[in-house]
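Please look through the sequence and the 3D structure shown here before reading the notes that come after them.

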Amino acid sequence: MQDFSYRKAQSIADAVDAMRGADDGAFLAGGQTLLPTMKQRLAAPSDVVDLSGIAELTGISVSGDTVTVGAMTPHAAVAASGAVRDAIPALCDLADGIGDPQVRNIGTIGGSIANNDPAADYPAACVALGATITTDRREITADEFFTGLFETALQDDEVIVSVSFPRPQAAAYMKFPNPASRYALVGVFVARTGGGVRVAVTGAGEDGVFRAGAMEAALTSAFSPDSISDGQVGEDGLMSDMHAGADYRAHLVAVMARRAVAAAG
Amino acid sequence: MPTVNMSVNGKPASGEVEARTLLVQFLRETLRLTGTHVGCDTSQCGACVVHVNGSSVKSCTMLAVQADGAEVVTIEGLADGDSLNPMQEAFRNNHGLQCGFCTPGMVMSAMDLVNRNPGATEAEIREWLEGNICRCTGYHNIVKSIQEAAGNMGD
Ligand SMILES: Cc1cc2nc3c(=O)[nH]c(=O)nc-3n(C[C@H](O)[C@H](O)[C@H](O)COP(=O)(O)OP(=O)(O)OC[C@H]3O[C@@H](n4cnc5c(N)ncnc54)[C@H](O)[C@@H]3O)c2cc1C
Ligand code: FES
Ligand code: FES
């Protein structure tokens with residue numbers, strides 16, 4: 001890993017300032033993506049701005065029908081939260097299935113969505129539940145936030161503060177984990193909301209997480225596993241790599257979607 | 001260079017480090033606590049697991065500067081002189097190790113599990129070990145060891 005200058009930010013404003021002053025800076029959250037990437041020399045930031053000292057970025061609150069998770073909240077805290085389990089149990093189950101216990105103890109929701117790995121789990125929850133991402137300067141809907149492979153709507157010096165999830169009527173996430181990495185080979189998050197059914201697919205798309213429109217329409221008219229069929233998400237635009245071909249991923253999307261609908265009930 | 005101060009196994013430890021120094025390097029190379037192992041460079045094997053402020057983490061995927069001010073416990077911090085802690089004892093009783101390379105991480109990970117979930121079932125133990133890879137034992141006796149220790153430590 002190449003050396004860098006390290007700064008522990010004291011406040012959100014301090015973090016933004018530090019990033020503006022850096023040649024090629026990176027925010028550090030749990031480090032579970034950034035540090036492995038730096039160890040492989042796929043990233044070599046000149047400055048690392050640690051967000052862990054900013055207390056207001058951590059924590060979970062539920063008010064009315066909205067669950068708000070601070071950007072620095074680790075996956076394990078979401079998985080173990082009784083308040084989240086009461087409101088959106090699928091979110092706890094998703095967090096509990098990320099990586100392994102040590103990754104969950106320190107990896108954060110903010111880091112996960114900022115990174116927007118095409119096989120990450122949280123982007124599917126954000127898109128299917130219609131989450132709002134709050135940053136130091138604005139609110140961004142999940143539909144606008146994830147813009148492509150490892151790409152988001154964030155500006156270079158923009159800090160995610162929290163993610164707010166509206167409570168759905170019912171929801172479930174089903175993931176077919178890659179047996180080696182535990183990332184999603186395919187993951188499907190299904191949410192039944194007042195405004196219809198939303199289905200988000202991760203692990204499969206060449207441009208990262210996407211909504212499955214045909215499945216949403218079919219499930220909005222009849223919320224049953226029988227509404228899912230193989231052709232609704234075709235091979236076009238799906239990834240083919242050493243882990244799975246596009247045809248296999250397309251098939252898995254339907255299988256995971258059926259399971260998610262059955263689990264959501 | 002940044003200076004770090006932390007408590008390691010109950011004793012104060014400090015040193016000057018490069019910003020890029022990993023916690024595991026600080027433990028092994030500066031403090032000479034070589035019980036914590038490095039088995040991969042992809043954050044997947046868990047040989048490097050230690051506790052930071054009571055939670056198990058991979059010390060190869062944390063900077064030393066991130067642990068500034070923290071309480072760190074390594075495998076060296078478990079035994080009381082010559083008497084092993086119940087988890088270590090259980091690994092010995094159940095033949096829970098062969099070459100021993102993964103063992104420090106297994107034990108530290110298992111300690112975190114039984115602290116959180118003292119009555120962990122066999123299935124929960126197996127799932128918890130997702131982040132700890134052993135190339136020798138086939139996991140069976142590791143799981144048995146943790147089951148025994150969970151029973152012992154729950155008393
Ligand atoms: C062995 C292993 C297995 C894993 N398995 C899975 C899995 O199954 N599913 C899954 O989804 N993920 C998995 N992950 C990734 C894990 O969830 C990471 O924790 C997560 O992707 C990144 O979160 P982090 O807090 O560690 O962020 P970091 O690594 O610290 O940061 C990641 C990126 O986000 C940026 N960033 C962080 N916080 C903010 C913020 N508040 N505002 C703006 N930018 C920010 C950083 O600058 C960096 O570019 C795994 C990781 C490992 C090591
Ligand atoms: S050395 Fe392999 S996970 Fe840390
Ligand atoms: S005992 Fe050899 S790697 Fe586990």
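This is a predicted model: local features need pLDDT of at least 70, side-chain atom pairs count only at pLDDT 80 or more; totals for chains, interfaces and linings use all residues.

Residues are numbered from 1 along each chain as its sequence is written, chains are lettered from A and ligands numbered from 1 in the order in which they are written, and side-chain values use heavy atoms, with hydrogens and water left out.

**The site of ligand 1**

- Residues from chains A and B surround ligand 1, so the site is shared between chains.
- Around ligand 1 there are 33 residues, of which A:F27, A:G31, A:Q32, A:L34 and A:T108 come nearest; a residue counts as near if one of its heavy atoms lies within 4 Å.
- By type, this shell holds 13 nonpolar, 14 polar and 6 charged residues, where Asp, Glu, Lys and Arg count as charged, Ala, Val, Leu, Ile, Met, Phe, Trp, Tyr, Cys and Pro as nonpolar, and the others, Gly among them, as polar.
- Helix 7 (109-115) and strand 2 (25-28) of chain A each supply at least two residues of the shell, and the largest share, 4 residues, comes from helix 7 of chain A; helices (H or I, at least four residues) and strands (E, at least two) are DSSP runs, numbered from the N terminus.

**Polar contacts and cover**

- An oxygen atom of ligand 1 is 2.7 Å from a polar backbone atom of A:G31, and a polar backbone atom of A:R182 is also 2.7 Å from an oxygen atom of the ligand; a polar contact is a pair of N or O atoms within 3.5 Å.

**Helix pairs**

- In chain A, the axes of helix 5 (residues 89-96) and helix 8 (residues 122-129) come within 10 Å and cross at roughly 165°, where axes are lines fitted to C-alpha atoms over the stretch in contact and angles run from 0 to 180 degrees between N-to-C directions.
- Helix 5 and helix 8 of chain A are therefore roughly antiparallel to each other, a word used for angles over 145 degrees.

Terms used: A polar contact is a pair of N or O atoms within 3.5 Å; within protein, one must be able to donate a hydrogen and the other to accept it, and residues adjacent in sequence count only if both atoms are side-chain atoms. Angles under 35 degrees count as roughly parallel, over 145 as roughly antiparallel, 65 to 115 as roughly perpendicular and the rest as oblique.
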